[in-house]
Amino acid sequence: MLEGLMTTLKSMFEKPVTIQYPEQKRPVRARFKGRHVLKRYENGLEKCIGCALCAAACPADAIFVESAENTDEERYSPGERYASTYEINMLRCIFCGFCEDACPTEAIVLGDNYELSFTSRAESIYTKDMLLEPVPPGGQPTPQRTPAGVFTRSVPEMKDPTD
Amino acid sequence: MVVKMVSLTIDGRAVAVPAGTLVVDAAKKAGIDIPVFCYHPKLDPVGMCRQCLVEIGRPLIDRATNQFILDADGKPKISFGPKLETACTTPVSEGMVVVTDSDKVVAARKDVLEFILTSHPLDCPICDKGGECPLQNLTMRYGPPVSRFLFDEKMHLAKHVPLGELIYLDRERCIQCGRCVRFQSELVDDPVIGFSQRGRALQIVTFSNPGFDSIWSGNTTDICPVGALTTADFRFGARPWEMNASASICNHCAVGCNLTYNVRREAKAGGKTVIKRVMPRQNEMVNEIWLCDKGRLAYHYMESDQRLEQPLVRKGGELVPAGWDEALNLVTEKLRSAGNRMVMLVGGRLSNEDLFNLGELTEAQGGQKLLYSYMGGGDLVSRFAPPKGSNLGELGAGSVVLVVACDLHQEAPLWWLRLKQAVKRGAKLIVASARPTRLDKFATHVVRYAYGEETRTVAAFLPVNVAGAPQVIQSAAKTLTEAEDLIVIYGSDGLYLEESTALARTCAELLLKTNHTGKVNSGLLAAWQNGNLQGGWELGFRTVPDLAERLEKAALVWVAAADPAGDDPALAKAVRRTGFLVVQELFLTETARMADVVFPVLVNAEREGSYTSGERRVQRFYPALPPKGIVPEARPDFAIPALVGEKLGIELEDHSAALVMEHIAAKFAAFAGINYQRLAEVAEQWPPVGGSDLYYGGTSYLNRQGLGVTLSDVLQGESLLNPAPIQTTQRQKPSADALPVYPIQLLYDRGTTILPSALLHERLVQPAVWVHPTTAAEHKLQSKARLIYEGEAVEVAVLLSEQTPPKVALLPRSVGLLGYWLEA
């Protein structure tokens, strides 16, 4: 019995393993797959070109994309095509990360956010506005007015394709 | 004609094909794939892309005996050339040995693909062709995984070049196969695009004004083996794999082209399912694998926000929305009191099922079944049309086609294309028309007459009259009398209803007198302006010359899919005076505005049904859009008479189009044995398209939903030429200086179902009369003139056109104008 009380006494002075969520949050692992983020280039243009390969790769059919054409007067992304509608149904998503793998421009990334809650099915659909990351410092929001003949490539030239 | 067969060996498999077949086709028939880019089974081979390289060996022949030299085993010695040969330009020969899977061939294919990809941008993610791209598919199958060429040396060219307002070119993606250029110059005789520069700098350019001025331009996007050519309509619309496909039939002209609607649910359209694009569906008996741009792009009326949404009933002089019950009850009550003083006027946009139900209701009432068309003679077409088994695609040496009063290029584009191809195969073509048409170039005889002389000109071909006829007619008459098979196609170029009825009768007489009836590939065809006018004739509807009078006298007029008031001021007056007007329509047309009750109906993409084409082929269309989609309250046309019939105690099918077809088959002899199962039957067709064969025939859809059934032949004979020759009314010239005005039909008309497609607006016909500059000067016509119709004159714009014959004025139909005379 004393032995048991000893254990209790010892553990009283140990550092607790529980953390006070949500006041305290644990950092996620490098490969954690949380809520999707649609990335931007440094100048603020969206990386997403509306190719819908993520939707094609999605095993849960959670992604819906509609695309439209960029112009230099109203440019959302480099190249000709951008996503005019981008929706992910978070109720369907299984966070497998296939979308990330399929993306030719590394536009969609499964981020760190795991705090997804909604009270209706309609709320579970995350639209493009909700998914797009904020404009980086020094960048412009989209649509941008851009000089002609600069942003002609949809898919950036990758220096090292294995990266 | 006996076709000589040639036997050869492809990859160890013995194959027998007709002499003259190309190795690539012979392999395809044996189920062996040889990849191609520039070759297309409907075009002449050029051997530009080198993708089809194979090893070909031929047996050695002893020059002295002209026999094969045999080896020790007694088999012919085969000599293989030192180089690979292009399978697409090499015709088969006896004893040939083809190897398509040796290491040498595999390496060559890989290298050619590596070359082709040296300047291809590989922007598949944003390319509209991605997913149905021959280059993509063949690279995956035969290409190298990596390129040895430097990425930085890729050509960077313009990616957004509008060739016209309909077609966009991406210069980077082009692999210079020339399919589009060859299609335009060889197949459809519109050489408006071509190659500029050479080598790597080779580019497609257009040299017409407006750009890419061709009614066939959409087809180049189908046969383009990469995403270089895309339609403005579908640009970035959706990815090919995201869309569902549904089979349908085009109803814009008499040809009845088979097509496929690609549909998708869309956020942009508020979550509704919409049509994203129209693609051809193979039917080698009808449209092969082509579609004209009108058929491809004029579908936007279906999702127009102008469509009628609920029944309208006139209350206190205004049309106000009402419930179905209220509207149906009102119509039932009026029908009861109208009794047999009822007139049913139907248009050619309705399906066979709609026409049948509307007709049955009318017959039960004892009313009149009238067809709204400015062309007559459909009853003669029923009797004299080419019988079952006829195919314009089979006409060749020995066949003669007479085209009268018809600009087929504008009125039935696919027939024009198929006749042109028939001439290439050796058929003879006689064109009789008052003005130059696009068919003249291919005709063996061109007979020019003055407007108004159509019937007399055809009558001159008759054996009894030919002796006194001019030389060109005599020689043409000889050609057609001697023909093995003769097809006569008549149209309505410059003709009103009575004149075209008379013309049809003379054409039928010509067939009868030259013994060209009841034979396959011989008969009478009419270039109707709508998809199912022939169906109207088959189901007992008739045109009448005194339509206005009948409409005016009727106690109740029921108009379905026609807009007489919008087309003709005299009919508008009659419609206004009629007792009670019921209209079932898609849009609030001029006629619908005058109606007492208006019913909203569904478009063909929202429902099932069938059309009878100008060749009397019954073809089925399927629902592409979900029910309660664009217009939730609307109903199919056939349901409305059935619902009214129910209240009147007339039993009609209101729900299933398939059951209506069974009723049709039971009642009309020509339809006997036709049901929806038979209409859905398919057979293997050449060339193979769809599936993994995209590289071969383009992105046309394989026909899995039915090739259609030709209506049964009706007995023929001289008595069937009744009624007797038709007397046409002479119109009084209002003044000595007045120019006679003749109506013509153009492809891009201003019809209710064309106008909502904004993309076509630049090409639509303008409301103006066409006059030759010299004639205009003689008659002192300025930019405006007075168009006289039934004693009333309206002001109309005058367009000077060199194509117009002298001493007449031409007025395109559907522009909302009508007139017999033109005055300064």
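Predicted model: local features only at pLDDT ≥ 70, side-chain atom pairs only at ≥ 80, totals over all residues.
Trainee: What separates E549(B) and K553(B) in helix α16 of chain B?
Mentor: Their side chains meet in a salt bridge at 3.2 Å, N to O (a Lys or Arg side-chain nitrogen within 4 Å of an Asp or Glu carboxyl oxygen). Helix α16 spans residues 547-553 (helices are DSSP runs of H or I, at least four residues; strands are runs of E, at least two; both are numbered from the N terminus).

Trainee: How many residues apart in sequence are the parts tied together by R620(B) and E608(B)?
Mentor: Their side chains form a salt bridge at 2.6 Å, N to O. R620(B) sits in strand β30 (617-621), and E608(B) sits in the loop between β28 (597-600) and β29 (609-612), so the pair ties together parts of chain B that are 12 residues apart.

Trainee: Is D440(B) buried or exposed?
Mentor: D440(B) meets R448(B) in a salt bridge at 2.6 Å, N to O. R448(B) is partly exposed at 39%. D440(B) has 13% relative accessibility, so it counts as buried.

Trainee: How many of the 8 residues of helix α12 of chain B are buried?
Mentor: The helix covers residues 454-461 and is largely enclosed by the rest of the structure. Its buried residues pack against β21 (399-404), β22 (428-433), β23 (445-448), α13 (471-482) and α14 of chain B. They are E454(B), T457(B), V458(B), A459(B), A460(B) and F461(B). The count is 6.

Trainee: Which residues does H772(B) touch, not counting those up to four places away in sequence?
Mentor: H772(B) lies in the loop between β33 (768-771) and α24 (773-778) of chain B. At 14% relative accessible area, H772(B) is buried. It has contacts (heavy atoms within 4.5 Å) with S801(B), E802(B), T804(B) and P805(B).

Trainee: What area do chain A and chain B bury between them?
Mentor: The contact takes 22 residues from chain A and 20 residues from chain B. Carbon and sulfur atoms carry 53% of the buried area (accessible area, 1.4 Å probe, that two parts lose on being put together, summed over both). The total is about 1700 Å².

Trainee: How many salt bridges cross the interface of chain A and chain B?
Mentor: R235(B) and E80(A) meet in a salt bridge at 2.6 Å, N to O. Salt bridges that share partners join residues into one network, including E69(A), R153(A), D123(B) and K159(B). The count over all chains is 58; across the interface of chain A and chain B, it is 5.

Technical notes: Residues numbered from 1 in each chain as written. Chains lettered and ligands numbered in written order. Heavy atoms only, no water. Buried < 20%, exposed > 50% of the residue type's maximum accessible area, 1.4 Å probe, protein only.
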